[in-house]
Amino acid sequence: MTGLELPQYDASLGPVELVVAGAGPSGLAVADRVSQAGFRVCVVDPAPLAAWPNNYGVWADEFEAMGLEDCLEVVWPQAQVHLDNNERFGSRYLRRPYGKVDRARLKRRLLERCIAQGVVFQESKVEGVVHGSGASELCCADGVRVPAAMVLDATGHSRKLVQFDAPFDPGYQGAYGILVEVERHPFPLDTMLFMDWRDDFTASDPQMQAANRALPTFLYAMPFSPTRMFLEETSLVARPALGFPELRARLRARLAHLGVVVTAVEEEEYCLIPMGGVLPRLPQRVLGIGGTAGMVHPSTGYMVSRMLGAAPVLADAVVEQLCRGRDAAANAHRPLGAASEAEAEALSAAVWHAIWPVERLRQRAFFTFGMDVLLKLDLAETREFFAAFFALSDFHWQGFLSTRLTFPELIGFGLSLFVKSSNTARLNLLRKGLPGLLVMLAGLTRTIGYQPKGLPPSRS
Ligand SMILES: Cc1cc2nc3c(=O)[nH]c(=O)nc-3n(C[C@H](O)[C@H](O)[C@H](O)COP(=O)(O)OP(=O)(O)OC[C@H]3O[C@@H](n4cnc5c(N)ncnc54)[C@H](O)[C@@H]3O)c2cc1C
C-alpha cells in the first residue's frame, strides 16, 4: 500500500479506549468508526499495509447499499448458473449484478480514514490478552503491551483471542483459484459464472467422475477480458474439507475440456473458509467480529458484506458503552475505564448482544440447518436443490444469500423451496434434512424467552 504512512502506537501516551487485533476488512471498518466518535483506537497487525490476499466477490447491490460501489473493480450485469448439460435442469441467468471487490481500493479507503481519525498502529502479531481491575492489556509478539478499555478480536479465521465453550466443528468451503492470462475462453464478458455444476469434464476419467458425483465441486469464473480471468474450483461445503490437490486436478481437467489454455498465472488462491460450527461464548470479555464471531454465512461461505454491515453496529455499541463508562468515571471522579471486572464484563456483554440479538441467532440456526443439508447432497441431489433454489422469488433467493431474511421469512423460504422441489428432491430434503431440522428446533426452543446474559441491570 504505497504512499501511506501509519501513525505508530506510543505506549507513553497511556491506554487507548479500543485495541483491535487484526487489520482485515472488519478490524479496519470498526477502528474507523469508533475513532470517528473521538475515541483512541490502536490496531495491531503484523503487516497492516500488506494487500489483503482474498479475491472477494459480492452482489453489487450489497456494496451499493453501503456506499461502497466505487470499491468494485468490475461489475457484471448478470450471473449464470449451469446445473447440467441436458434438458433436465440446464442453465439459469441470475438478473442480479455481481462485482469483484477492488480490495486494494477498499483497504486504502479504510486505512486513509483511520489515519485521518488518528488511529494508531502496532506492527506485530497478537499473542494474548490479560484482564484485571476493569481494564485489559493486549500482549504483542514483539513484547509491546497495549492497555485498553475494550479489546476486539478481528483476526479472521485464526480466532486468536475469542473463546469457545464447545469444540469448534465447522464445515469447510474449499476452493482453488487462479487469476490467469489465457489464449482465449468461451465465457461471455457480460456474465459472471456463479456456479457451473456440469461434469462432462470428468467423462474420460471414471475415478474423478465418481469422486465428483459423490463430493461435487463447481466452477466459479470471472471473465475480465477475452484473455484474462479469475477461475475457481469450489467445494461448497464439506466436512472434512476437500483437499487442494483434488480441487486443482478438477480445475485443470475442466479447463482442458473447455479448451482454455493458460499462458500466465498472476495469482493462486487457496481458500479454506470454516462455515457454521459453534458460536464463540456469548458474551465474553473480548469482542469479536467477522471470522472470529461466527459471521460467515453457514450455507454459502460469504461474509464480506455481512461483516461490513455488522461493523457499524458493533462500533456504535462500543461507542455507546465507552460513553457510558466515561460518564460513570466522570461522575465518580476516577480515571476513564470500567471500575471493576463486573462492569467491564457488562460493557462487553452489551456489545455482543448488539451483534448477536436473538433474531440473528435464529437466522443463523436456520442457515446452519441449510449447511447441514448441503453437506449431505451428492451431485445429482445438489442439482435438484439448486434447480428449486433458483426457481424461488428474487425476494427469497437473494434475501437468503444476503442474510437479509428474518426468521419468519426464512420459514416462508423453506416452505417455498419445498413446494418448488421435485418429488425426488422433496424426499431427499426430508430424509437428509430431518436430523438437522430437529437439531435446529431444539436449539430454537432455547431462544424462546431468551434473556441475554451479563447485561448491565438497567438493560436486561
Ligand atoms: C481465500 C478466501 C476467499 C474468500 N472469498 C470471499 C468472497 O469472495 N466473498 C466473501 O464474502 N467472503 C469471502 N471470504 C471470506 C473471508 O474470510 C471474509 O470475507 C473476510 O476476509 C473476513 O474478514 P475479517 O476481517 O474477519 O478477517 P481477515 O480478512 O482474515 O483479516 C484478519 C486480519 O487479522 C490479522 N491477524 C491474524 N492473526 C493475527 C494475530 N495473531 N495478530 C494480529 N493480527 C492477526 C491478519 O493479518 C489479517 O489482516 C474468503 C475467504 C478466503 C480465505
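**View 1. Valine 262 sits in strand S16.** Strands are DSSP runs of E with at least two residues, helices are runs of H or I with at least four, and both are numbered from the N terminus. The model is predicted: local features need pLDDT of at least 70, side-chain atom pairs count only at pLDDT 80 or more, and totals for chains, interfaces and linings use all residues. Residues are numbered from 1 along each chain as its sequence is written, and side-chain values use heavy atoms, without hydrogens and water. Valine 262 has 31% relative accessibility, so it counts as partly exposed (buried is under 20% relative accessible area, exposed over 50%, partly exposed in between; 1.4 Å probe, protein chains only). Beyond neighbours within four places in sequence, valine 262 contacts Val180, Glu181, Val182 and Leu255 (contact: heavy atoms within 4.5 Å). Glutamate 181 is 81 residues away along the chain, yet the two C-alpha atoms are 5.9 Å apart.

**View 2. The shell around the ligand holds 31 residues.** Ser26, Asp45, Tyr56, Val126 and Met303 come nearest. Strand S16 gives the largest share, three residues. Helix H1 (25-36), strand S2 (41-45) and H6 each supply at least two. The shell has 13 nonpolar, 14 polar and four charged residues (nonpolar: Ala, Val, Leu, Ile, Met, Phe, Trp, Tyr, Cys and Pro; charged: Asp, Glu, Lys and Arg; polar: the others, Gly among them).

**View 3. Threonine 300 lies in the loop between strand S17 (287-288) and H6.** Its relative accessibility is 8%, so threonine 300 counts as buried. Outside four places in sequence, threonine 300 touches Gln173, Leu236, Met275 and Leu401.

**View 4. The largest nonpolar core has 124 residues.** Such a core is a set of buried Ala, Val, Leu, Ile, Met, Phe, Trp, Tyr and Cys residues joined through side-chain atoms within 4.5 Å. Val34, Phe63, Phe194 and Phe389 have the most contacts inside it. Helix H6 (residues 304-331) gives the most to this core, with 11 residues. A second, separate core of 15 residues includes Val182, Leu219, Leu247 and Leu255.

Terms used
A residue is near a molecule or strand if one of its heavy atoms lies within 4 Å of it.
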